[in-house]
Every structure is written in C-alpha cells, then in structure tokens.
Number of protein chains: 4
Amino acid sequence: MPNLNFHPSGRHFLQIPGPSPVPDRILRAISYPTIDHRGPEFGALGRQVLAGIRKIFKTDQPVIIYPASGTGAWEAALSNTLSPGDNVLMFETGHFATLWKKMAESLGIKPEFLGQPGIEGWRRGVQADRIEARLRADPQHLIKAVCVVHNETSTGVTSNIAAVRKAIDAAGHPALLLVDTISGLASADYQHDAWGVDVTVSGSQKGLMLPPGLSFNAISAKAINASKSAKLPRSFWDWTEIIEMNKTGYWPYTPSTNLLYGLAEALDMIFEEGLENVFSRHQRLAEACRRAVRAWGLEIQCADPAVYSPVLTGVMMPDGIDADAVRRTIYERFDMSLGAGLGKMKGRMFRIGHLGDCNDLTLMATLAGCEMGLKLSGVPVKASGVSAAMDYLASHTVPLVVKAAA
Amino acid sequence: MPNLNFHPSGRHFLQIPGPSPVPDRILRAISYPTIDHRGPEFGALGRQVLAGIRKIFKTDQPVIIYPASGTGAWEAALSNTLSPGDNVLMFETGHFATLWKKMAESLGIKPEFLGQPGIEGWRRGVQADRIEARLRADPQHLIKAVCVVHNETSTGVTSNIAAVRKAIDAAGHPALLLVDTISGLASADYQHDAWGVDVTVSGSQKGLMLPPGLSFNAISAKAINASKSAKLPRSFWDWTEIIEMNKTGYWPYTPSTNLLYGLAEALDMIFEEGLENVFSRHQRLAEACRRAVRAWGLEIQCADPAVYSPVLTGVMMPDGIDADAVRRTIYERFDMSLGAGLGKMKGRMFRIGHLGDCNDLTLMATLAGCEMGLKLSGVPVKASGVSAAMDYLASHTVPLVVKAAA
Amino acid sequence: MPNLNFHPSGRHFLQIPGPSPVPDRILRAISYPTIDHRGPEFGALGRQVLAGIRKIFKTDQPVIIYPASGTGAWEAALSNTLSPGDNVLMFETGHFATLWKKMAESLGIKPEFLGQPGIEGWRRGVQADRIEARLRADPQHLIKAVCVVHNETSTGVTSNIAAVRKAIDAAGHPALLLVDTISGLASADYQHDAWGVDVTVSGSQKGLMLPPGLSFNAISAKAINASKSAKLPRSFWDWTEIIEMNKTGYWPYTPSTNLLYGLAEALDMIFEEGLENVFSRHQRLAEACRRAVRAWGLEIQCADPAVYSPVLTGVMMPDGIDADAVRRTIYERFDMSLGAGLGKMKGRMFRIGHLGDCNDLTLMATLAGCEMGLKLSGVPVKASGVSAAMDYLASHTVPLVVKAAA
Amino acid sequence: MPNLNFHPSGRHFLQIPGPSPVPDRILRAISYPTIDHRGPEFGALGRQVLAGIRKIFKTDQPVIIYPASGTGAWEAALSNTLSPGDNVLMFETGHFATLWKKMAESLGIKPEFLGQPGIEGWRRGVQADRIEARLRADPQHLIKAVCVVHNETSTGVTSNIAAVRKAIDAAGHPALLLVDTISGLASADYQHDAWGVDVTVSGSQKGLMLPPGLSFNAISAKAINASKSAKLPRSFWDWTEIIEMNKTGYWPYTPSTNLLYGLAEALDMIFEEGLENVFSRHQRLAEACRRAVRAWGLEIQCADPAVYSPVLTGVMMPDGIDADAVRRTIYERFDMSLGAGLGKMKGRMFRIGHLGDCNDLTLMATLAGCEMGLKLSGVPVKASGVSAAMDYLASHTVPLVVKAAA
C-alpha cells in the first residue's frame, strides 16, 4: 500500500465537508474480521444497525442501507418511485442539486429546475413558496415528485424541509417529496416522519463519521406504494426484496459487512452523546466558524442567516483571488484539506467542514490554518478571525459530558 | 458494536466460498484514516489500484471499480451495453446464473436460458457447442450478448470461457461476451483480453481477499462502442465519466476510499506471491479437498473433472440427509461456517470454500471439522478423508516462497 | 516496517507454548490511542484491570502489574522478599526452573537445587515429599523461600502447588512459597490464596492471550511483611509505592498503557467464557493432543499422567532424529511454528502449544501439520494421530457457548 | 474494554510531555499478530530495529532495548556500571533528576546532588563548571559516575551534555558520564558518541512516538568495561547476554514483540522525514509556543534561553493561581491534557508538550485551548498568545516535504 501521508509529521486536518474525519473507534470497528453474511452473527449485526439507523432518520418506517456510495442512493430514490418520462420538480440550491438533476435526465426523467440566475440562488435555500406556486399551476398532477437538497454541500445552505412539505400540502398536490440529506444527516436535525418526506437519501461519510461506501433510502408508505407502479428498470436498487429480507437482519445480496461494523459503532457513539447534543454541538461550532469569517472581513457564501449550515461554511474570496491557490497553500504549508468551490463557484470560494467528529480545538486548528494560509496567500484579511472564534467558544462553553471518575 | 463472535474462544473458520477470510494486512489497511477523495494522496492511490487491477484481469483496457457490491457490477455490465427489449443468451450453470437472468428480466432485457432439466446442468459447465448452435440459428443477430458465469459459486464448476469465445467466433456472430467471474478472479486463471471477453464482472470479497463492497467491470473496445448506443437508463453505473476521470486517478463520485486501501494492499500481496503461484496454490488445495470428499465416500457436486473449481468444492449429501443440519452442527460444535446449497440444491449439499488467503493447515482444519461434523450428524462416511488430503498435500509439497533469513 | 510473513499466503499457525496467538479483539484493543497516564480515563482503566486480574489469580490480595516481561517478574519476586546471601530451595523441573535458579545466583542468593540426574527429573513434577524432607532438615530455618515452577514451559509438566504448600506446612517451616506460573495462568487452574502461595509470578503472553510486555506478582501479607526487611537492592521492582498508587488506579512510573488496554479486553474475554470453562477447554484440547502423539507411536515428554500440562505437550523424537530439523520442515512447508527442545532437551523433542485462544479446529490443523511434517522428515510414525484426536474431540464435544440468534 | 474517551466527540489533544500522541501508522504496526520470538521473522525484525536505533542515538556502539518502561532503563544504567556504596555526582535539574537520585539511593549508591536552593536550579540547565570544580576536588577519583538529565521533562530545560563531557575531561577525571534523555531523544539533537556519553538512558513514549513499554541504554566501550567489575546485583538488566544475543537479532528473554513492530515503524517515519528535519521542526514549534506564552504575559519556566527545550514548555502561573485548576478546566471544557507541575513546582505551572508527532495546526489547537482555558479560569492574560504564535509560524514556514503527485 502506498504511503498516503504526503506530509512527514503530525496529523492531517481533513476539514472538507465530507468525507469527515473517521474516529479511531470506527476505524477499528471496520477492521474486524469479515463474517458470513448468512450466519447468525450477521443477523444480530443487521438487526442492530437497521433498528438504530431509523432513530437517526427519526422514522418508524424502513430504512434501506445500500452497499454503495451516496450517488447510488440518489438513483435508488428516483428509480424506485418514477417511470420514464415522468416530470419532477427540482430546486437549484447548488452543485449537488444540479448533479441530481443531471442524473434524473440520464435516467429518462424530465426535471424542471426552479432557481435563480447566476449564483444568487446558490446563496439561499429552497424557496418553498415558489414550489407551492408551481404545484398549484399543475392541476393535472403531471409532476410526480418534488426533489430538494436539505444540506447543500457545495455552499453551506440548509433548507427548510418542513416548509417544502407544507407548500406541497398547501397546493393540495400528490407529488412525492424526495430529499437529499447526504451531508446533513446526523449533523443537522432531520425528521423524516414528522416532516412528511417520502424518500430521504443519505450517505455514510458525513455526519455518520464513516468512510464512504454506505448509502441510505428512508422511505414512506406512500413511496412504497409508488414503487409498485414505478416503471424505471431497476434491480440492484429495488426496495422490495431488501425490505423483505431486512426483517430478519439480512440482505438479498452481499452487504458491505465491514462498513456495517462501522455503522454499528457510529450509532453507539451518537446515542452515547445524544442525537440532540450532536446537533447543538454542530450549531455552536458553525457559529464560531462564521464569526471568524466575518472577523477576517470575508463574506459567508450563504446569504441568509436563517439557513446557515451547521455542517460547513463557505468562504467567499475577494475578487481577483483564486480560492484554489489559497487552498493549495494551506494544504502544502499546514497539512489541511479544505473543500473547493464547485460548479459555478469554482475558484471563488473555499468550504470549511466542521461536521462529524469535530470539537472546539479541532475547529480552532482549522481556523488558525485558514488565517495563516490567507495571510500567506496575500488575501487582505484582518487577523482577528481566530480571536473572534475563541471569544465565542470560551463564552459559550457547554457542559461537556465528562464522565465522573468512577 | 455488538460482540460478533458467538463462540467464546479461538478463531472462527470462515470456509464459505466468499466472503473469504480477510488477511490481517488488509484489515489493517482498510482502517487507515479516510482522506480527501479530491486530494493529491488520493490520486496516487487511485492510479496505483487502477494500474494493478488490470494485471489481475490480464487486460490492457480500462477496468471500472465501483463502490458497490458484485451484484451492482452485474447490473453495470448489462445496463452499459444493452437496450430495453434486447435478447441475450444465458447459460444455466447454477444459482448465480439464474439470479443474473432474473436481474436481466427486471431490467427489461429478454434472456434466453440454455441449460438442462433438473440439477444435471448445475453439475457441468457451460456447453460451448450449444451456444454455437444457438447463435448459428440467429442469422439476423437478434441476440445482442452471450452471458455466462466463469466460476459458479453455487456449485463449484469453472467453465471454459475461451471455448465460449471460440463458439461465438465459429458462429460468426457479433454478440458481446459478458462473463461473471465474481468468485473466480484471482483464484482461478482468468484472461480478459486473451479470451476476448467484452465485459468481465467481478467483486472484492473472494480471490481478492477484501471485504465486500467493491466490484468491477473489465471492458473491451467493442463493449465501449456498444455503450454508446445502449439505451438502458443508467447514471451511477455509467462507464463514460468514470473512465474519463480515472485517467488521473479520481472518480466522478465519492469512491469507497477505505476499501481501495485494502485493494492496494491485496494487489501488493498477490504480486508478492505471484499471480500464477496463487492459481497453482488454489489448484493444489482444491485437489486435496476433493480427495477428502471421495475418501469419505461422498459425491463431488461437479460431475465433470475438467471443470472442477479451484475456489470451492460442493459436497453432495446422501439421500435423506439434510445438508443444512450438518452445516449447523459444524457451526455450533466446531465454529466453522460452510456454504449452503442454494436454489435447486438447497439442503442437498454443502460447499467448502478454499479460496483467497488459504493454506495447507487451514484446509486441514476445515476438512477435520467436516469429517467430525459429518460423523456427529450421523452421515455414513468413511473416516479417511482427512488422511487422504494429508497424503496428497504431504506428497505434493511445493517450494514455498520462504524468505531466507537476511 | 518489514514484511514479517515469510510465507506468501494464509494464516501462520503459532503453536509454540507462548507467546500464544493474540486474538483480533486484543490486537485491536492495544491499538487504541495512548492516553495520559495521569488523567481520569487512565484511572478508570487502572482500577478495572487491577480488580479483574485478582480474579484470575484467585486472590483478594494485591497483584502487581509490571510494564516488563515475565523474567522481570521473577526478579521482582526474589528482590522484594530476599536479602543477599539468603538460602532458597528450588526444584529442577526443567529449563525455566534452571534459568530462575541462575537468576537467583546472579542476584547473590544461594539456591539449593533439588532434582534428579539426567533428564528424568524434567519428565515429572515437583516432588513435594522431597521438599518436606529438606525443610525438616533445616531446623534453623536458614532456607528463606521455596521456589517452584507451576507449569514448566520447557517440558509440559504442571506441578501440584497445593502439595508443596502442604509439604512446607507439614515441615512446620516458615519459608516463603514463590511460584512461577508464567505459562500456567489462565490456562491451568491456579489458586493463589487457597494454595497459600506468597508470591506468584506470571506474564501476559500465554493464557492471557496478550503480546509479551506485562508481568505480574500476586503477593500475600506474609510476602509484604518479608519485603520490609528484605535487603536486595531494588527500585523499579519495589512493591511498596506501586501498591500505594494502585489504590487509585495509577502507577508510580509510566505504565504500559496500550498493553493494559489489551489486558482489559483479555479479562472481558475470559470472564465472558468463564474461567472454569477456559480451564476445561484446555484440558480437553490437551487430551486430544496427547492421543495423537500416542497414536503416532511417539512418547510424551511428561512421564507422569497426573501432571500432564493443559498448556503444551512435549513430543519426544526417536533416537537419531533431530527434532529441530523436523520443526524446520514443518515451519517451511506448513507455515507453523512449534517450540524447540530447550537445555537438556535440545534437539530431542518439540513442543506443541495449545494454550490461550485455541479451539478444536486450530488444534486439528496443528496436529495435521505435525503428522505431515513428521512423515516428510522421515520419522517412522503411524499415520493415525490426527484420526485419534478427531475421535476424541468428536466423542467429547462440549456445549459451546453459542449465543442464540437474538 | 472500558470506553476511555470521557468526552463525547472529537479527538482528544494529548499535549503532555509524554506519552506523546502515537501516530496511526504506529498504532496499526503494534497491532500486527505476535510472532515466535525465536523464529526467522523475528530475527529480521530484531536486526532492523537494532541497526536503526543506533542512528537515533548517533552511535556505532550497542544499544540495549529493554521490554520495560524508562524507569527501568535508569536502573539498568546504574546497576550495570556501579557497585554498592559507590559515589556518584548528580545534578538537580528538576523532578526527574530528583527521582533518579532517589533511585540511586534505593540501590545502595551514594549520590551527591549539585544544585541550587529553591526552584532556581530547576529553571536552568546543568552547570558544567560546577561539575568540573567538584571533580577537581576528588583527586582520589572516588566519584564513579556523573549522572545528568539531558531534557528535564518536569521543567522544559535541555542541558548541554557536550559541556559536561568537556568538564569531566578538563578535570582529568575518569568518572563515567550517564545521561537521561528519556524525553529528549528523537526530538532534541543528541549525540551519544560525539559527546562521549558512557550510558544514555531513553524511553519509547516521547520523541519516538511509541506507547510506553520500551526503554534503552546506549553504551560505550568504557561502560562495558565498567560493567565487568560492577557489583550491584543484576540479572534482568544485565547487558552481557543481551549484547551477545542481539548480534543475531534475538533477545535472551521474551522481548516486547508488538512494541518492536511499532519501533520499526517509528524508525521508518523518522528516517523518511530526516532526523535533522525532526529536530528543526521541534525547534520551530517550541519557539512559536514560547512566543504565545510571552504574549499572554506569562513567564516561561526555563529562565535561560540557551537551554529552552524543544520538547515542552513550562508555563508559570501568577501568584495565587492554582495551575492544576487551570489544567482541569482545559481538560473538561476543551478535551486537552496538559502536564502538571511536579515536585517543587506542583500547582505553580503547567507544561505544554509539543513533541513527537506534532505539527503547526496541532500546536495552534493546543495554544487556543490554553488561551481559552486561561481566560475561563480567570487568569489575567493578554489574548494575543495565539496570534503571536500564528505570526511566527506564518512568517517562518519551511518547505514541507510534500511529495509531488506521481
């Protein structure tokens, strides 16, 4: 195996918005010996992770776990519920919404893309009122599904999914609601059942703190019903047989055993901390990060404070600055990986991930790396970002769950 | 994470025909910290595994690595090369050939299934002459592809793929040749280019000694050409963008980073031993296993010695014996997992895996577990199977690659 | 790090009488990140292992855990209880008893060595009656301690320690009883308190299934009392400060943190199986091993069935056979390590370890490797050893603790 | 095994002056399966680590590796070279020098302790001129050894060992020079041969980045000669047999196999970076740390800039502040471990470790944790420490060894 640390010493800081840093506990869990996927041990594992993952999605309905990356779960959501030529309504929140739309087209679905010209739409969340208006203009119910991204990884905007549900209901429209929360799950609050989502798509390598390689479809009774008449060809992604076999903790084909070990461990970790504590930790770190950005005198990519993402923060560069050159300097000098601007934002921003297994000092290291790297790159910033974040964190400490010495 | 060893002490013997036991080196490799899939380190990893995996398939053409299990790679082979309603010719070698056919139907393809009644066809390999005859009877070339299984995991039969190629050529037929060697690759010799295969499907959890979660399509120029007009909807499985991005060592979507670490390590291990040495090791262990079966007075499931599998051996039970009860006894008393009879063979046989990271003493432990378990289960066998295997191994030792003390 | 598997494929069989094979659970435990040995987490770890290890020694008194190998714990036992020039009575059970005597001499103690000429004494256990007689002949109580080996790793003899205690008491002699059970602990029953042992010496790499690097002194009130006047210079090994600091779970100097992780895991594993179940498992495997040896027509090194070791079996070679050449053949051809004959037994025997994380099929692999290796080496043996062991194991299966599928 | 992370999320920052954070590569190396310590693989490992460790000590003479913690290597240095009642000259540089003196007394050696009253001597290094003067006053050469600490872990002072050698030579005195560089080795430059040291003592858990459990004696021909007449009782620590067996890569007793795996990996890592690069990295990080301390308006414990330690920085608290309360706040709120004040310095300072596998951002996280913790604890500090460190690091970046994308 090649030596994959190109810096000679110390820990790499992986501060992209996913894959997030995988905790030691999980890395060790995935290195347990692979077992028979048809044996009794596997059934015990399967039942445990299938029960636990529902709590993460806040659903009482089945959650499908695919031995595939998140993109596959996008395809699964579409191909289980739709037929060739179906119209769907999508909303351009950023690069990943755009990719999902492109996928829909590849599969023979006809997406209509709501949004705004230029990059403006990428700086705000889903506009539920526009969805409502569009659905009201579809009295024949030609639109079969509304597809939105909950946490747009390319920008740092977390849209209000409950509002989308309300919009659909207000329009009295039967369209399914399909939501991508690949990067939101287990970092930002998410409520599959309460928000009335029909298919929620997610992945392992973000809030769940796992390596990439697992992906999810949380589904509703309405979605299952839709799957019975959906005509897109499907086999690998088909829900039916998986749901049936999952009842006893098994899968119809070979599941990704070692990543499921990791999932079991991740669920243990999240429930030990408490899911709501996980969410508030992310909110607090994200606020500290934003205070640093503002103190540098830079602009936060998300223009609407109501939809700031607790997962990542997009940082806009002043005109004339190549964000990728800044990122490269930070990578080379300080051994930290940041997220690039994608699609329309290429070169204009970088993204700081503060999701998953993150804490105060990891964030401070991250912000110090940014501040030094910005300075070294000649970006005109004020040197008070790190201080601003420290001020916030130190004055907003929360009682950590420190075990008493037994 | 749940405690997944239901036996209190000692190593579990995982002797199913896959997932095969994952060596320590690989388990440790997959537990390295996850890195940025867009960073320089990842590119180095990607280029290394993409170059190495071609040598395993014996091809100079692209090999696609999917972050998915083997079943997905079946779907990829079909959906990249075929259009809805296309006719394909398949051959019933066993349970997995049957599942592949079922998948083809789900995707809207029309498979014609050559085979024999009852279980007889499951005990022999692909009959190339019947394929030739059928193709000659298709002067209009309605058949778009011939799909066969190289190593049938459900039975222990390794078909002659070169003969199938010859049959297609002899018929002067333009059908593509699609081959599943999920359980054969890196255990039984396989030559994608020399045998003129258009798409070879494989997976990680067999001869490559990895956990499940990676799968492969080795492809030909003819297959790539076919993909340009193939009309099955596809996005996740689509080759085009993957091939393009693989040129620099990256993937269009998030790859399964930690399993790729394992793949890099597996390739190192295989090349250290030597691929041809790997093949002859499997042949030798398989012969020892078959001698044990015969000495017990039991029948080998594969009825044609020319196509005995080096990967696994199917053991037929006498009438009136429930093979699954025997397997359960062996599991409970001796902490060993064996493969069940599948489909038509359910309850009538068990399968011994001797693939991947296997050696003489592991095989002997396996055969001892079988012999004791058969006896405990009341199966009338002669107690000379283990002896027969020892006789063979001891009189056919090969010079092991033992390093001289440096 | 160098590649340390000189055989290209499959698992190495480490069947020496220690270090024994370390289970995956323990290997992973020792790879947890090192923590502050003065912090709260460490205290929790320390208290847990200090409480657990007492149960293994069956004592309510302190057990000292040294960050050192077993030889160090020998020295600790002597230097904490004795003064320069003190007389001690030792018993020549084999190579390790001899080494302990040599150590005593190096430290300025005067050992008297009971035993028998030639190798005869190495084939039987401690003769308690001779100890009693010798002590009776010491009315002035010049002998300060009796030192014996419980499980003699060089031969496979497990002496009766309770009988030694009884002998000392019968003689009305105040000598301390010092016992080495480095290779016996957690494989053979051992009762520090009930047997009235004053200092028990042990190590990590045998029945405790850990790597080498931890060693132990279980002590009595009488031993602590003796330490107050013992005059051998000592600092690192001194009990006083360790006992004091252990009360809160800490050590006076830096302990071997990562091996203590492993100890915590090992204790969990042993208590899950049940300590008495561990002992009977070893007895059963040892009996199967001995039946194989006898069926080969070879002699068991231990000549007294009452003191057969459950840990290892010494196998005598016929005259003219070099046992080390046999071992080398087995190592080279079958990738298995066996123990060499030591001291007086060099070249005349090999030792089969069946301790720690061993089970039926691992033992069968071991015996098959021996049988094939003996044959390849030209040793005239009957080929029925493996069969004899299988007969025994299959007719003496025990209800394994198999968890019901939950 | 107990869950040993008392904070629910994110990485713990272990910034004590040892054990230092163990890199993932080393943690994985120590989890390789334990092998036969008498087999060929072990010999290859032994020869590799024995050759490599000499380069770290900069010596061509033998280096002894003990399966024990550093305190044991102190004892080894004394007991191999001295006899009961021997006079040695020691220098009070801090807590560990004091403990070494205490050990010497326990072993029956008569140490004379040079130093200064109060804590003043703890803030400066060894005064070579006083050693010279004292040796000149010993015309009968009653003083058998001079014992000094190179890097005093309790304070952050790195004494000039070459000057001590020069002082001994200037006095024309034959005393041996014994040096403790437990915390200095592989972080601060050290030259066993060039500096004319007779015994150098070190340990694994500091600059070598390993868990505790290995310790070292680098020795000179003069020391070996002295060992021949040294009369302190010794066995476990005795050099003679170890040196003899090390010639082929083995040890007389069971070595700490798994920690030796870690040592092999650590040596690889250090040589990949380059030993001199390791030293300059430590100097640079230490300077940044000191700038932060000064900017806070706090005093650095080491009062002489010529002997600032590159390993750790001691931070003095203003009068009336309990340093341990500050440490506790930082541990509880920010999940970071700092070193306590020891001995005379208890409660008056804390120690920041910046040794081993440390880099810029880890240091910045550390300093941010200190700055926030000081503030939260009500210590009157200026909030510009982190900024000062960033200014230094950003203006003194060094070309990191970043591999070109191959």
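In chain A, 27 residues of domain 1 are in contact with 29 residues of domain 2, where contact means that the C-beta atoms of two residues, placed from the backbone, lie within 7 Å. This is a predicted model, in which local features need pLDDT of at least 70, side-chain atom pairs count only at pLDDT 80 or more, and totals for chains, interfaces and linings use all residues. Residues are numbered from 1 along each chain as its sequence is written, while chains are lettered from A and ligands numbered from 1 in the order in which they are written.

To find the two domains of chain A, look for 13–21 + 274–395 as domain 1 and 25–271 as domain 2; these bounds come from an automatic or database domain assignment. Their C-alpha centres lie 27 Å apart. On the side of domain 1 that touches domain 2 in chain A, helix H10 (275–296) and strand E12 (312–316) each supply at least two residues. Helices (H or I, at least four residues) and strands (E, at least two) are DSSP runs, numbered from the N terminus. H10(A) gives the most to this side, with 4 residues.

Now let's turn to another pair of chains. Here 61 residues of chain C are in contact with 61 residues of chain D. Several elements of chain C each bring at least two residues to the side that touches chain D, among them helix H2 (40–57), helix H9 (257–273) and strand E13 (336–340). The largest share of that side, 7 residues, comes from H9(C).
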